[in-house]
Amino acid sequence: MRAKKEQDHSWKETAAELAKNRDAIAQLAHSDDAQKLMSLLRQQGGVQEAANAAASGDPSQILAMMDQLMKSREGAQLVDRIGDQAKKAGLE
């Protein structure tokens, strides 16, 4: 029972943090780097299917796409820049 309460508390903290940072997340999602990243992912194909599978509890397809993306110089640089932007916005 205690673990459930701790898990619920952790989830509520996470949800509150996300709500607090909603604007920063939206700004980051609409950044040029995020748009370029999405373009690269779309070029690989199967983005919607991978997202649906991840939402259903199977992240393997999206992880494979990200692995492939990270093997390219451009993809790795985009992910690094987006990560840096997220840290600057307090979204660690």
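## A buried aspartate and its partner

Asp-33 is buried, with 9% relative accessible area. In this predicted model, Asp-33 forms a salt bridge with Arg-81, and the closest N and O atoms lie 3.1 Å apart. The pair connects distant parts of the chain, since Asp-33 belongs to helix H3 and Arg-81 to helix H6, 48 residues apart. Arg-81 has a relative accessibility of 36% and therefore counts as partly exposed.

## Packing of H3 and H6

The axes of H3 (residues 32–44) and H6 (residues 73–88) come within 9 Å and cross at roughly 145°. The crossing is left-handed. H3 contributes Asp-33, Ala-34, Lys-36, Leu-37 and Leu-40 to the contact, while H6 contributes Glu-74, Gly-75, Leu-78, Val-79, Arg-81, Ile-82 and Gln-85. By class, six of these residues are nonpolar, two polar and four charged.

## Nonpolar core

The largest nonpolar core has twelve residues, among them Ala-34, Leu-37, Leu-40, Leu-78 and Ile-82. Two or more residues come from each of H3, H4 (47–55), H5 (60–70) and H6. H3 supplies the largest share, four residues.

Val-47 is also a member of this core. Beyond its neighbours within four places in sequence, Val-47 is in contact with Met-38, Leu-41, Arg-42 and Met-65.

## The other salt bridge

The structure holds two salt bridges. Besides the Arg-81 and Asp-33 pair, Lys-71 forms a salt bridge with Asp-67, with 3.6 Å between the closest N and O atoms. Lys-71 is exposed, at 62% relative accessible area, whereas Asp-67 is partly exposed, at 42%.

Key. Residues are numbered from 1 along each chain as its sequence is written. This is a predicted model: local features need pLDDT of at least 70, side-chain atom pairs count only at pLDDT 80 or more; totals for chains, interfaces and linings use all residues. Side-chain values use heavy atoms; hydrogens and water are left out. Axes are lines fitted to C-alpha atoms, for helices over the stretch in contact, and angles run from 0 to 180 degrees between N-to-C directions. A crossing is left-handed if the near helix is turned anticlockwise from the far one by less than a right angle, and right-handed if clockwise. Contact means heavy atoms within 4.5 Å. Ala, Val, Leu, Ile, Met, Phe, Trp, Tyr, Cys and Pro count as nonpolar, Asp, Glu, Lys and Arg as charged, and the others, Gly among them, as polar. A nonpolar core is a set of buried Ala, Val, Leu, Ile, Met, Phe, Trp, Tyr and Cys residues joined through side-chain atoms within 4.5 Å. Buried means under 20% relative accessible area, exposed over 50%, partly exposed in between (1.4 Å probe, protein chains only). A salt bridge is a side-chain nitrogen of Lys or Arg within 4 Å of a carboxyl oxygen of Asp or Glu.
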